[in-house]
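Trainee: I have a new structure to read. Please show me how to go through it, feature by feature.

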Amino acid sequence: MSDSTVTGPEGRRVEVAVSRTVMGERVGVRHLLGRLRGSRRPPLWFEILLIAASYWTYSLIRNAVPEQRPEALRNADALWWLERRLGIAVEASVNHAADSVGWLIIGMDYYYATLHFVITLGVLVWLYHRHADRYAPVRLVLFATTGVALAGYWLFPLAPPRLMRGGHFIDTVMVHQTWGSMASGDLKHMSNQYAAMPSMHIGWSLWCGLTVFALASVPWVRVLGLAYPALTLLVIVSTANHFWLDAVGGTVCLGFGMGVARLWYGRWPQAPGARAVPGSGAGQPA
């Protein structure tokens, strides 16, 4: 600011100076928000630290939620009653049918124990390297989805079908001794067994599927993207780890995450053909 550009009484000069200061602060705030909302790909080292810290925090909070076994069992009974009233309580039939085919249910147990993490991380890596302009917005969807799920674990402890009293479900993980599962052996003591609502197997698999379907350019890859959450839904029910309504809860959490990203970036991050945010890194076709 230069006084030589201001004419009039002293009061006028002060008023102009204050006005310019306010305008400068507004420009600064807009610039900061623009940088925060920009979808430029962050450094790799930062992303590795961020994802590791975020997952550690998520696991810590999820497992710190009181298990509240009696309440979790009561909630499971209530949810099972509701599904029977709705005419969708077929989980036990699906569970028994899948368990009758040994190789199928063992494969499903390992699918449940491993692909939840492997495919989600794989999609993040694919996004980072092939779709840099979408990485930050789509990652925000995943983080917001996962964050709101923690509220569900706290507010509504729920026993999975395999731990219900008199539900006539087969605990396939225990029966077939699935190695590495957080629901069997000594590892089950490291994980909250009563955090079934919402299902993040569904929340994360839908995030993966919609992201791949929206951004992949190869048709069969897009089809696989849609097939993944559908297959995951079959797996979580067949292994008696979730009710159908747990999957609905996971879908609602994903909707919340997408809404957060829509409000922050002003567009749907996973919308096919959406233009990149100005100033973002250039992505490459899949």
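Mentor: Begin with the elements. Helices (H or I, at least four residues) and strands (E, at least two) are DSSP runs, numbered from the N terminus. This is a predicted model, where local features need pLDDT of at least 70, side-chain atom pairs count only at pLDDT 80 or more, and totals for chains, interfaces and linings use all residues. Residues are numbered from 1 along each chain as its sequence is written, and side-chain values use heavy atoms, with hydrogens and water left out.

Trainee: How many helices and strands does the chain have?

Mentor: There are 10 helices and 0 strands. Ile88, for example, lies in the loop between α3 and α4 (91-99).

Trainee: What does pLDDT tell me?

Mentor: pLDDT is the predictor's confidence in each residue, from 0 to 100. Where pLDDT is low, the predicted coordinates should not be read in detail. Here the chain has a mean of 81, and 75% of its residues reach 70 or more. Over residues 1-6 the value is below 50, and this stretch has 6 contacts beyond near neighbours in sequence. A contact means heavy atoms within 4.5 Å. Residues 274-285 also stay under 50, with 30 contacts beyond four places in sequence.

Trainee: Now charges. How do I spot a salt bridge?

Mentor: Side chains of opposite charge can pair when their charged atoms come close. The rule for a salt bridge is a side-chain nitrogen of Lys or Arg within 4 Å of a carboxyl oxygen of Asp or Glu. This structure holds 4 of them.

Trainee: Where in the chain are Glu47 and Arg139?

Mentor: Glu47 sits in helix α2 (residues 44-64) and Arg139 in helix α6 (residues 132-155), 92 residues apart. Their side chains form a salt bridge at 2.2 Å, N to O. Glu47 has 2% relative accessibility, so Glu47 counts as buried. Arg139 is buried too, at 14%.

Trainee: Are Arg165 and Asp77 buried or partly exposed?

Mentor: Arg165 is partly exposed, at 48%. Asp77 is partly exposed as well, at 32%. The two side chains meet in a salt bridge of 3.4 Å, N to O. This pair also links distant parts of the chain, 88 residues apart.

Trainee: Which residues make the salt bridge with Arg162?

Mentor: Asp171 does, at 3.4 Å, N to O. Arg162 is buried, with 10% relative accessibility. Asp171 is buried, with 12%.

Technical notes: Buried < 20%, exposed > 50% of the residue type's maximum accessible area, 1.4 Å probe, protein only.
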